[in-house]
Amino acid sequence: SSYKINELKNYYKTIIILDKKKISIKNLKKIVKNKNILKFNFISATSGSTGKPKLILLNFDKIMTNVIKVKNFCKFKIKKNYLIAIPGYFYSSILHFFTALVSGSKFIFIEEKIFPLDLINFLEKFNVNYFGGPPIHNKWVIDSEKNLTKLEKIFSSGDFLENKTIKKYKSKKNFEFYYMYGITEASGRVCINNLKNSSRCNSVGKPLPIYKLMTRNNDIYIKSNYLF
């Protein structure tokens, strides 16, 4: 939504155009009508591991399978206040939204960029129980944790979080801190680490049951029913 079609041409060789009844894939001068519109529901732009911009077609059922696995792993409870401060067009933001939805939580969303004091004030103002954000926000939270008595679960999307910050979270009994790490092509988060159940302070934990991780020649491969 942030780009006009003419601007997209500078980034993508293939452009997907949506209307109510069809999908047209514009590849240079050739237009292809895709009849399989009902087989996917979400288009995401990502650089992924290749470092080159590409469009990923995601199926809603597969996204929700991932979301429900996360809900069960993190033992979400109903009637909690769930706040995220991640841009709404980021895939992690969309995953947080659906996780809050299936968990029966009140979803609170902040789109604009915020400073440390702004974030802490938001968390206090809305009596936030669950918070999801990037590593820098997680650092601000733990540095002000004495004022955040309502917080129960904190989720960090992506990396890098300093080791000393992870150790601070690990030492606190009133917080559950989760590292969520995943790729768009796999329809959601691939690995989740709960610091309370980990003997080490690392950022990548066990893969969710719907994924399998393999290493070959120092490369990491992810296998699932909807990734090849």
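Which residues do ring pairs link into a cluster? In this predicted model, the cluster consists of Phe73, Phe76, Tyr82, Phe97, Phe98, Phe107, Phe109, Tyr130, Phe155 and Tyr178. The structure as a whole holds 16 aromatic pairs, and I shall examine two of them.

I begin with Tyr82 and Phe107. Their ring centres are 6.3 Å apart and their planes stand at 50°, so this pair is classed as tilted. Tyr82 belongs to strand S6, residues 81-84, while Phe107 belongs to strand S7, residues 106-109; the pair therefore ties together parts separated by 25 residues in sequence. As for solvent accessibility, Tyr82 has a relative accessibility of 0% and counts as buried. Phe107, with a relative accessible area of 26%, is partly exposed.

The second pair also involves Phe107, here with Phe97. The centres of these two rings lie 5.3 Å apart, and with the planes at 85° the pair is edge-to-face. The assignment follows because an angle over 60 degrees counts as edge-to-face. Phe97 is located in helix H3 and Phe107 in strand S7, so this pair joins parts that are 10 residues apart in sequence. Phe97 is itself partly exposed, at a relative accessible area of 34%.

Helix H2 spans residues 60-74 and helix H3 spans residues 91-103; the two pack at an angle of about 65°, and their axes are 9 Å apart. That angle makes H2 roughly perpendicular to H3. The crossing of H2 past H3 is right-handed.

Which residues of the two helices meet? From H2 come Phe60, Ile63, Met64, Val67, Val70 and Lys71. On the H3 side are Tyr91, Leu95, Phe98, Thr99, Val102 and Ser103. Sorted by class, this contact has 9 nonpolar, 2 polar and 1 charged residues.

I close with a residue in a loop. Glu145 sits between helix H5, residues 135-143, and strand S9, residues 153-157. Is Glu145 buried or exposed? With a relative accessible area of 13%, Glu145 is buried, since the cut-off for that class is under 20%. Setting aside neighbours within four places in sequence, Glu145 is in contact with Lys172, Asn174 and Phe175.

Terms used. Residues are numbered from 1 along each chain as its sequence is written. This is a predicted model: local features need pLDDT of at least 70, side-chain atom pairs count only at pLDDT 80 or more; totals for chains, interfaces and linings use all residues. Side-chain values use heavy atoms; hydrogens and water are left out. Axes are lines fitted to C-alpha atoms, for helices over the stretch in contact, and angles run from 0 to 180 degrees between N-to-C directions. Helices (H or I, at least four residues) and strands (E, at least two) are DSSP runs, numbered from the N terminus. Angles under 35 degrees count as roughly parallel, over 145 as roughly antiparallel, 65 to 115 as roughly perpendicular and the rest as oblique. A crossing is left-handed if the near helix is turned anticlockwise from the far one by less than a right angle, and right-handed if clockwise. Contact means heavy atoms within 4.5 Å. Ala, Val, Leu, Ile, Met, Phe, Trp, Tyr, Cys and Pro count as nonpolar, Asp, Glu, Lys and Arg as charged, and the others, Gly among them, as polar. Rings of Phe, Tyr and Trp (its six-membered ring) pair if their centres lie within 6.5 Å; planes under 30 degrees apart count as stacked, over 60 as edge-to-face and the rest as tilted. Buried means under 20% relative accessible area, exposed over 50%, partly exposed in between (1.4 Å probe, protein chains only).
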